[in-house]
Amino acid sequence: QVQLVESGGGLVQPGGSLRLSCAASRNIFSIYDMDWYRQAPGKQREFVATITGGGITHYADSVKGRFTISRDNAKTTGYLEMNSLKPEDTGVYYCRAHRINTYWGQGTQVTVSS
């Protein structure tokens, strides 16, 4: 079993930046793909970004050029760097690890508002 814990969310003004972290209870990201999803109030959870075990990244069109997904060399923590934030980026952000099994974190709230 693997536990994922997200952190780094908060309230930020439009145009601002946040860095989300996803800490895994053991070293899995060198094998597992890591994704970020988000869910806005009243909407379905949607894909934001992914980084494969081999380091290949892919982004939703809505965040391309503004968000950057990465992980540390020890492969125990993943990150989502979010720049030029917009009100429509507001939601609960979830980390997911998947390959053989699928694990989700509990989510961290991001609110973009003036």
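Partly exposed denotes a relative accessible area between the buried limit of under 20% and the exposed limit of over 50%. The close-ups below come from a predicted model.

**View 1. Threonine 68 in its strand.** Strand S7 spans residues 67–71 and includes threonine 68. The relative accessible area of threonine 68 is 41%, so this residue counts as partly exposed.

**View 2. Surroundings of threonine 68.** Neighbours within four places in sequence are left aside here. Beyond them, threonine 68 contacts Tyr59, Tyr79, Leu80 and Glu81. Glutamate 81 sits 13 residues from threonine 68 in sequence. In space, the C-alpha atoms of threonine 68 and glutamate 81 are 5.0 Å apart.

**View 3. The disulfide of cysteine 22 and cysteine 95.** The whole structure holds 1 disulfide. Cysteine 22 and cysteine 95 form this link, with an S to S distance of 2.0 Å. Distant parts of the chain are joined by the pair, whose members are 73 residues apart. Cysteine 22 belongs to strand S3, residues 18–24. Cysteine 95 belongs to strand S9, residues 91–98. The link of cysteine 22 and cysteine 95 is left-handed, with -75 degrees about the S-S bond.

**View 4. Burial of the two cysteines.** Buried residues have a relative accessible area under 20%. Cysteine 22 has 0%, so cysteine 22 is buried. Cysteine 95 also counts as buried, because its relative accessibility is 0%.

Notes
Residues are numbered from 1 along each chain as its sequence is written. This is a predicted model: local features need pLDDT of at least 70, side-chain atom pairs count only at pLDDT 80 or more; totals for chains, interfaces and linings use all residues. Side-chain values use heavy atoms; hydrogens and water are left out. Helices (H or I, at least four residues) and strands (E, at least two) are DSSP runs, numbered from the N terminus. Buried means under 20% relative accessible area, exposed over 50%, partly exposed in between (1.4 Å probe, protein chains only). Contact means heavy atoms within 4.5 Å. A disulfide is a pair of cysteine sulfur atoms within 2.5 Å.
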